[in-house]
Amino acid sequence: MNMRTDREVVLKLSALTKRFGGLTAVRELDLEVREGEICALVGPNGSGKTTVLNLITGIYPVDGGEIRFLNRPIQGLAPHAICWQGIARTFQNIRVLSQQTVFENVLLGKGYGNGGAGILRTLFGTRGHCREEQQNAREIDEVLEFVGLSNLRGELAGNLPYGKQRILEIARALVTGPKLLLLDEPAAGLNSQEILSLMDLVTRINARGIGVLLIEHRMELVGRLSNWVYVLDHGVKIAEGRFESIKEDPMVIEAYLGRRRV
Ligand code: ADP
Ligand code: MG
């Protein structure tokens, strides 16, 4: 019953390929995230990890292969449409609006989720719209509570310590109500205490039944969080498996030591 293959496939990449000019950034990648999993995507700098997330979320068009989410092909859809299907993400480089409050930053996720409420509609909104606003506010407060940022609700995002800004980005992704969350190096730049909170948060997100695909450099973090690991090197998947076997894999060790890097 505990076999990985017993779980339903949420995200399936088949022979996914992306080229930038002469460079093949992702080459014929097969990857699956199954229900309730935390999968890690690891590999040296420039190995194509972020590109994979950009392909899944519709930021780049794919050059080959297929992306299926909940058994439906999603490649070719616009990023907001992919978000509506239930895929949310954070970015490798932090993207919070520092002059907006914590609450407003999370509200942006709501805007993304419903196509964006027009300013006129906000000012002269109908009663139905007011109800929608109240509903949004309730959901944002729930998410802020869940991630532990309730007490900073009215604070300008730019005043938050870096680690909390990262959590805020996750909150903004969560408010879209995803079934799958893609995290691009969420632990980058965090201190060890912040990393512990992040790990706890990712675990609690996953416990709510949200699948996670996590890009992460630090191997000990990957080992503690993920139940399946994919390793990329120069856009090619060189290994996949449980962390315990991946970390002994000579190809992986070599890629990480950088011997094959030019
Ligand atoms: P990683 O996230 O693993 O560090 P990336 O996916 O960011 O790697 O990059 C993979 C390769 O693709 C790199 O060689 C990078 O320079 C290249 N690349 C990524 N995005 C673009 C782009 N928009 N245009 C041209 N080359 C790109
Ligand atoms: Mg990257």
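This is a predicted model: local features need pLDDT of at least 70, side-chain atom pairs count only at pLDDT 80 or more; totals for chains, interfaces and linings use all residues.
How many of the 13 residues of H6 are buried?

Residues are numbered from 1 along each chain as its sequence is written, chains are lettered from A and ligands numbered from 1 in the order in which they are written, and side-chain values use heavy atoms, with hydrogens and water left out.

Start with the overall build. The protein chain has 10 helices and 10 strands, where helices (H or I, at least four residues) and strands (E, at least two) are DSSP runs numbered from the N terminus. Its radius of gyration is 19 Å, close to the 18 Å that the globule rule gives for 262 residues, so the chain is as compact as a globular protein of that length. That radius is taken over C-alpha atoms, and the rule is 2.2 Å times the number of residues to the power 0.38. Along its principal axes, the C-alpha trace spans about 60 × 45 × 40 Å. Of the contacts with a separation of 6 or more, 69% are between residues 24 or more positions apart; a contact means heavy atoms within 4.5 Å. As for burial, 46% of the 262 residues count as buried, meaning under 20% relative accessible area, with exposed over 50% and partly exposed in between (1.4 Å probe, protein chains only).

Now back to H6. This helix, residues 162-174, reaches 19 Å from its first C-alpha to its last, close to the 18 Å expected at 1.5 Å a residue; the expected span is 1.5 Å times one less than the number of residues. And the opening question? 11 of its 13 residues are buried, so H6 is largely enclosed by the rest of the structure. Among them are Gln165, Leu168 and Arg172. Gln165 has a relative accessible area of 12% and, not counting residues up to four places away in sequence, touches Ile94, Val96, Ala157, Gly158 and Leu160.

Leu168 and Arg172 also turn up among the residues that Asn105 touches, along with Val96, Leu97, Gln100 and Ala157, again not counting residues up to four places away in sequence. Asn105 sits in helix H3 and is buried, at 0% relative accessibility. A polar atom of its side chain lies 2.8 Å from the backbone nitrogen of Leu97.

Thr50 lies in helix H1 (residues 49-56) and Gln92 in the loop between strand S6 (87-89) and helix H3 (102-114), so the pair ties together parts that are 42 residues apart in sequence. Thr50 is partly exposed at 24% relative accessibility, and Gln92 is partly exposed at 28%.

H1 itself is largely enclosed by the rest of the structure, because 7 of its 8 residues are buried. Just after H1, Gly58 takes a positive phi of about 80 degrees.

How values were computed
A polar contact is a pair of N or O atoms within 3.5 Å; within protein, one must be able to donate a hydrogen and the other to accept it, and residues adjacent in sequence count only if both atoms are side-chain atoms.
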